[in-house]
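Subject: Structure handover

Hello,

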Amino acid sequence: MNAPFKTSTPATPDAPSWDLSDLYSARDDVRVAGDLAAAQAVVDDLNGLEGGLAAAAGDAAALGGLLDTAIGLYERASDLLGALGAYAFLAASTARDDAAAQGFEADLREKITAIATPTVWLTLEINSIDDAALEAALAADPKAARWRPWLRRVRAMKPHELSPELERFIAERAPIAAQWPRLFDETLAALRVEAGKETLTLSEALNRLSDPKAARRKSAAEGLNIALGAEARTMALVMNTVAADKAMEERWRGFKRPADSRHLGNEVDGDAVDAMAEAVAEAYPRLSHRYYALKAKALGKDRLDQWDRNAPIETTAPRAYDWDQGKAVVLDSFADLGGDFADRARLFFDRPWIDGRARPGKQSGAYSHPVTADRHPYVFLNWMGERRDVLTLAHELGHGVHQTLAAEQGTLLGDTPLTLAETASIFAEGLTFDRLLATSSKAEQRGLLAGRIEDGLNTVVRQIAFHRFETRFHDERRSGEVSVERIGQIWLEEMGSSLGPAVTLNPGYEHWWSYVSHFVHTPFYVYAYAFGDLLVSALMEARRADPEGFTPLYRELLAAGGTRTYVEALKPFGLNPRDPAFWAAGCKRLERLVDQFEARV
């Protein structure tokens, strides 16, 4: 049983809390019921067109008009229901210890599903139309042709579609399946970590792992070992159930490998992702193994304990940032890019669109929620005033700015595949680091360089290690439930392989897989971080070569949202991500940073 909350790390009263009233003022806001009714009316209009598209397949002009009308109604319903779902999630994520907030989120999700599920006919009927008839309709109606990128994604799913009855069944049971991620979130939000005389939340304990004092890092890590170990069997049940549910649906859909559905959604070839993962794993010795050996030497150790992985290099206390200082650094970094990037980022501060204040009950982590194209995004993080928090703020605002730019495409066309969704966030993080390094003293630069390398390792090496762990887990789950002991063993093997011989994986670390939310919420998401980081490395090089010419092309890339594949999006920069050398070049850039660090050890 978790201990009651007693004390915490220093409070961050300067960090803001958001105001969700742009969506709804409260759970009992009359607009909630009003928008549910409005969405139902739009869906009724849409469902009145069922059968009409297929019947019009022989008349290009008629089919084009019906496609534009139907997809427009579908987007309008998505906007109404998306705003409702976003409000429930956003409110619940700051109050995971509030049963009423969690119940409201679950109940509203069920109502949304009940309204949306009858629309499954639309994509099925679109995919029943042959290619020639569809192309003729798009050629005959310019308004319908606008939806071509969305139709491209819909058509990609055609070989994996099931019967209308099964598609409705899957959609209707989605809120029930979502209770497993809810259990995961509520368990972690309630987690309390005993660290010496203090009791910490999960976010606070993870933050403590970068404390300058080794004893405090060790105490937090040992507390995490106990707290995560106590919940490991529950989390193993959640992971096994989510994986089994996923495998069952995808077996029916004809997907061959556990990650294939994610690759399809990302519009990438699985072989390309495998090649990227192999390229990164092949570089482990030159990147993480080498760096952690150098870091151990810098800290005067033969080997690092796992809780020293993110320890500050310098013995002096690292620089702390209050909220206004962090805000200034990030906005200056966005201004360095030129264009309207800083103005768009400033909106999040000027209007209450950010929830940064860490507090009990608030879930760990960070995100930028796009809501819908006719609303605006909200940014969520747990601000502790450290350098990493400044970079996290930049990362999430990168998402937020990207989302405001892509919103010009509308909700359906603005939705960006994961392969490009991390581009703006990682790029913004890189710009902010460059500014921190440029404005730091020589005494601070080694520590900043170490931090940048560690961020790169966490984004590329660690996320590929997560991907390999996740792949092995899902592969074994197909043969039956994977025990908590076996999950821990796979975790230690993949983490050990990625970290190398200079890092000791201390007893208890075998449970640390259990707090990684992407494994439960979005299986096979994690490779997108490495994909995005290596892609951004190439974009950074393009910016250095032509700063003035880069900014308009970059803005155009982001504003395109999901209308282009990642190959099409990178073509104006002269970049070809299908070339294996593309991924090797990204790893080489990180390797050069390790070279610079070695020169300072």
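Helices (H or I, at least four residues) and strands (E, at least two) are DSSP runs, numbered from the N terminus. The model is predicted: local features need pLDDT of at least 70, side-chain atom pairs count only at pLDDT 80 or more, and totals for chains, interfaces and linings use all residues. Residues are numbered from 1 along each chain as its sequence is written, and side-chain values use heavy atoms, with hydrogens and water left out.

Cavities

A cavity is a set of points, on a 1 Å grid over the protein atoms alone, where a 1.4 Å probe fits but cannot get out; lining residues have an atom within 4 Å of a point. Points are joined across faces, edges and corners, and the volume is the space filled by probe spheres set on them.

The structure has 5 cavities of 30 Å³ or more. Helix 22 (442-477), helix 25 (527-545) and helix 28 (580-598) each give at least two residues to its lining. Helix 28 gives the most, 5 residues. Among the lining residues are Arg452, Asp533, Cys587 and Arg589. By class, this lining has 5 nonpolar, 3 polar and 3 charged residues. Here Ala, Val, Leu, Ile, Met, Phe, Trp, Tyr, Cys and Pro count as nonpolar, Asp, Glu, Lys and Arg as charged, and the others, Gly among them, as polar.

The second largest cavity has a volume of about 70 Å³. Its lining includes Phe334, Phe341, Phe427 and Tyr554. Helix 16 (323-337), helix 18 (387-406), helix 21 (423-438) and helix 26 (547-559) each supply two or more residues to that lining. Helix 21 has the largest share, 4 residues. The class count is 10 nonpolar, 1 polar and no charged.

His395

His395 also sits in helix 18. Beyond its neighbours within four places in sequence, His395 contacts (heavy atoms within 4.5 Å) Glu422, Ser425, Ile426, Glu429 and Tyr529.

Three strands form an open, mixed sheet in the order 4-6-5. Strands pair if DSSP finds at least two bridges between them. Strand 4 (354-357) and strand 5 (367-369) are at the edges with a single partner strand each, so one side of each has no neighbour in the sheet. Strand 5 and strand 6 (residues 378-383) pair antiparallel over 3 bridges. Tyr367 stands opposite Phe380 in strand 6.

Best wishes

Terms used: On a 1 Å grid over the protein atoms alone, a cavity is a set of points where a 1.4 Å probe fits but cannot get out, and a pocket is an open set with protein on both sides within 12 Å along at least five of seven lines; lining residues have an atom within 4 Å of a point.
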